[in-house]
Amino acid sequence: MTGKGLNLLISAGEASGDLHGARLLAALKRRRPDLSAFGMGGERLQSEGLKAIVRSDTLSVVGLFEVFEKLPALSRGLKQMRTASRHSSPDAAILIDFPDFNGFLARALHRDGIPLIYYVSPQVWAWRAGRARTIARIARRIVTLFPFEAEIYRRLGADAVCAGHPLVDDVREGLEAGPPLPHKERSRVVLLPGSRAAEVRRHWPPMREAAEALARHFDLEVAVVRAPGLPDDSYADAAERGFAVTSTGRHGLIASADLAFV
């Protein structure tokens, strides 16, 4: 790698993948300041310098019907990623979870001769043994969250290592920062409806109604956590009910809560 900067393709879907990818990219750039990255991600990865070819928040899906609804966007995203890869010739590709999309992308990149690294390997060993064997065969390295996952992939012949769960760092840092809202004397209820638009559509109405029902009987402070990537108006009707909405500090907020709906 002498004489030129390290160029990586990163593909991360959904809010958790965006968070894990952002932490990974920041750590890699500390070791390799000459590193550049492009691919698919959300706000957090972009804040760490990812050149977004595809925004992950436009592709996250829940359930079979949403997959069908977003098939054109998913197909377009795959084409954009492969075109960008052929144009930029990355030194390697890091694929973070999002198993179906990244599964198709992995096979295309493998055919193009791009070394593949799976980070937060998809849990296909639990429900798609054939897919796990394919990942083990084509990946240069698999980085897992749990030791038993690494052992499963090693038994399939892969170079697999366990890096630990990034949530440990996320929670520790969140608790050190404290809650984003000052704590009042009233009991605090925190609502976390989800990180995908479809989850919010399903979960927000019953969570909101349950919190309102409790507030009629108790003196409560209600706070709602808006996940990164969701539109600012996801909880447009929260303010009229006296609910506070925040997009930061969820762990500190949960720690300060008397009750949480998750």
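Student: In this predicted model, how many bridges join strand E1 to strand E4?

Tutor: Strand E1 covers residues 7-12 and strand E4 covers residues 92-96. The two run parallel. The number of bridges joining E1 to E4 is five.

Student: In what order do the seven strands of the open sheet stand?

Tutor: The pairing in this sheet is parallel. Its edge strands are E3 (51-55) and E7 (160-162), each of which pairs on one side only. From one strand to the next the twist averages 15°. The order is E3-E2-E1-E4-E5-E6-E7.

Student: H1 packs on that sheet; what angle does its direction make with that of E1?

Tutor: Helix H1 spans residues 14-31. Packed on the sheet, H1 touches E1, E2, E4 and strand E5 (116-119). The angle between the direction of H1 and that of E1 is about 160°.

Student: Is Leu-35 buried or exposed?

Tutor: Leu-35 sits in the loop between helix H1 and strand E2 (36-41). Leaving aside residues up to four places away in sequence, Leu-35 touches Leu-6, Leu-8, Leu-25, Leu-28 and Lys-29. A residue counts as buried under 20% relative accessible area. The relative accessibility of Leu-35 is 8%, so Leu-35 is buried.

Student: What distance separates the C-alpha atoms of Leu-35 and Gly-5?

Tutor: Along the chain, Leu-35 and Gly-5 are 30 residues apart. Their C-alpha atoms are separated by 5.6 Å.

Student: Why are the buried residues of H7 on the same side of the helix?

Tutor: Helix H7 covers residues 147-155, and its buried residues are Glu-149, Ala-150, Ile-152 and Tyr-153. In general, an α-helix has 3.6 residues a turn, so residues three or four places apart point the same way. On the other side of H7, Pro-147 and Arg-155 are exposed.

Student: Which residue just after H7 takes a positive phi?

Tutor: The place to look is just after H7. There, a phi of about 95° is taken by Gly-157.

Student: Which are the edge strands of the sheet of four strands?

Tutor: The four strands form an open sheet in the order E10-E9-E8-E11, with parallel pairing. Three bridges join E9 to E10, and Val-224 stands opposite Val-245 in E10. An edge strand pairs on one side only, and here these are E10 and E11 (259-261).

Student: Which strands does H9 touch as it packs on the sheet?

Tutor: Helix H9 comprises residues 197-215. The direction of H9 makes about 155° with that of E11. The strands touched by H9 are E8 (187-191), E9 and E11.

Conventions. Residues numbered from 1 in each chain as written. Predicted model: local features only at pLDDT ≥ 70, side-chain atom pairs only at ≥ 80, totals over all residues. Heavy atoms only, no water. Buried < 20%, exposed > 50% of the residue type's maximum accessible area, 1.4 Å probe, protein only. Contact = heavy atoms within 4.5 Å. Pairing = 2+ DSSP bridges. Axes fitted to C-alpha atoms, helices over the stretch in contact; angles between N-to-C directions.
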